[in-house]
Amino acid sequence: MGGGFGGLQAVRKLRRAQVDVTLIDRRNFHLFQPLVYQVATGALSAGEISSPLRGIFKDDENVRVLLGEVTGLELAAGQVIVDSLPNGGDARKIAYDSLVVAGGSSYSYFGHEEWRRFAPEVKSLESALDVRRRILTAFEAAEIEPDPARRDAWLTFAVVGAGPTGVELAGQIAEIARDTLQGDFRAIDTRAARILLIERDDRVLPLFPPKLSNRAARALEGLGVTPLTGRAVVAIDEESVTVAGAAGDESERFPARTVVWAAGVIASEIASALAAESGAALDRAGRVAVGPDLTLPGHPEVIALGDMVQVHDSQGRPLQLPGVAPVAMQQGRYAARAITTRLRGEEPPPFHYVDKGNLATIGRAKAVADIKGLQLSGFIAWITWLFVHLFYLIGLQNRILVFIRWTFSFVTRGRGARIIAWPPESR
């Protein structure tokens with residue numbers, strides 16, 4: 001279940017095994033989520049970071065891909081219920097001997113779902129296209145706005161959350177305003193745009209070493225981004241975002257017509273279904289508890305992985321694993337090995353995560369990297385970030401296209417996907 005990083009790796013490792021594999025996803029493509037923000041800022045097109053699942057596995061005769069959404073689980077019967085089928089037919093039950101659940105996560109609005117319509121996230125492709133439309137439309141609106149205060153609000157962009165995605169997104173918006181759109185408009189100076197980066201923690205990139213966080217903050221400020229650390233969002237509406245100190249002290253309202261959400265995640269709803277079926281516990285982020293071999297209590301045939309699980313060791317203590325793509329990828333490969341190991345009548349060893357480090361890009365030739373204690377920043381970290389992402393991107397064609405696009409953008413400071421596309425119901 002799930003064609004994201006974890007599910008994709010599990011299937012790729014099983015396609016040479018003596019098993020039949022069914023991959024179920026409600027999307028017909030694998031999305032390279034670490035680059036979704038570049039679609040949101042016009043640096044890349046949607047097709048350059050997406051790969052059709054059927055295309056990936058077209059040569060693997062033991063792999064079947066089903067387009068649909070898993071809406072129910074019957075663990076005792078060894079079945080999943082798949083609905084939203086493309087032919088409009090009734091829901092179907094799919095039987096299994098082993099089940100790998102890689103449902104992923106979504107952004108959490110911390111109990112304020114009403115903010116979602118004013119502050120879209122950049123975790124899905126559809127939402128990224130909506131964010132791109134909002135960003136580009138804001139400049140167009142400022143161009144024709146006669147009132148100075150309202151014009152300033154159109155030219156103010158707020159990004160909530162200063163983790164890697166938030167930092168990368170804020171840096172990209174700053175480069176759009178400072179470089180890409182410079183000279184394109186007649187009534188406004190896009191370089192006057194204000195980009196706010198709001199973070200509840202006391203520094204940007206809180207999971208990085210403080211030294212790299214400070215370097216990232218200085219690089220952001222050099223691009224024209226204003227980090228607002230130690231601040232929590234308390235209100236968002238169509239025209240503004242209001243923040244207060246982390247302790248809830250005096251609030252401050254910033255007129256901003258474009259707000260993007262990149263703070264906190266919550267597990268997929270399928271985690272709750274797994275917990276209800278198995279009796280496993282859920283944590284505050286909605287993650288289901290799994291054992292050291294990633295299986296559900298009482299169900300060794302069910303392996304759950306990625307952002308939707310909380311892994312426990314053999315003593316029942318929770319392990320602190322970061323919610324990043326490498327964790328899901330390693331767990332997906334582990335799941336495939338566990339299945340084939342059990343087919344041989346053996347038990348797999350516990351899952352062990354190998355931390356290869358953290359990377360975050362800030363802007364043109366600016367990035368930070370923490371690789372096994374080696375702390376890098378600037379151009380070297382940026383080159384490292386480029387090649388790591390190209391390496392993990394699915395599909396040779398996409399790697400070539402993205403490399404060409406990045407090269408062109410670096411030389412010209414341009415962006416090739418500056419198209420404002422409106423949903424059909426909006427026009």
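Helices (H or I, at least four residues) and strands (E, at least two) are taken here as DSSP runs, numbered from the N terminus. The structure is a predicted model, in which local features need pLDDT of at least 70 and side-chain atom pairs count only at pLDDT 80 or more, whereas totals for chains, interfaces and linings use all residues. Residues are numbered from 1 along each chain as its sequence is written, and side-chain values use heavy atoms, with hydrogens and water left out.

The protein chain contains 11 helices and 24 strands. Its radius of gyration, taken over C-alpha atoms, is 22 Å, which agrees with the value near 22 Å for a compact globule of 427 residues; the globule rule is 2.2 Å times the number of residues to the power 0.38. Along the principal axes, the C-alpha trace spans about 70 × 45 × 45 Å. Of the 427 residues, 52% are buried, where buried means under 20% relative accessible area, exposed over 50% and partly exposed in between (1.4 Å probe, protein chains only). The accessible surface comes to about 20,200 Å², and carbon and sulfur atoms hold 52% of that area; accessible areas come from the Shrake-Rupley method with a 1.4 Å probe, and for residues only the protein chains shown count as cover. Among contacts (heavy atoms within 4.5 Å) with a separation of 6 or more, 60% involve residues 24 or more positions apart.

Charged pairs come next. Side chains of opposite charge can pair when their charged atoms come close. The structure holds 20 salt bridges, each being a side-chain nitrogen of Lys or Arg within 4 Å of a carboxyl oxygen of Asp or Glu. One of them joins Arg133 to Asp130, with the closest N and O atoms 2.4 Å apart. Both residues belong to helix α4 (residues 125–144), where they sit 3 residues apart, about one turn of the helix, and both are buried. Another salt bridge links Arg415 with Glu175 at 3.7 Å, N to O. Arg415 lies in the segment after α11 and Glu175 in helix α6 (residues 164–180), so this pair ties together parts 240 residues apart in sequence. Both ends are buried, since Arg415 has a relative accessible area of 11% and Glu175 one of 9%. Asp189 and Arg191 also meet in a salt bridge (3.1 Å, N to O); here Asp189 is partly exposed, at 37% relative accessible area.

Thr341, in helix α9 (residues 325–343), is buried at 12% relative accessible area. Beyond neighbours within four places in sequence, Thr341 contacts Glu346, Glu347 and Pro348. Ala267 is part of strand β17 (residues 265–267) and counts as buried at 11% relative accessibility. Leaving out residues up to four places away in sequence, the residues touched by Ala267 include Gly104, Ser105, Ala285 and Asp307.

Leu396, in helix α11 (residues 396–412), counts as exposed at 59% relative accessibility. Together with Ile400, Phe403 and Ile404, Leu396 forms a nonpolar surface patch with about 410 Å² of accessible area. Such patches are made of residues with over 30% relative accessible area and no salt bridge, with like charges joined within 9 Å and nonpolar side chains (Val, Leu, Ile, Met, Phe, Trp, Tyr) within 5 Å.
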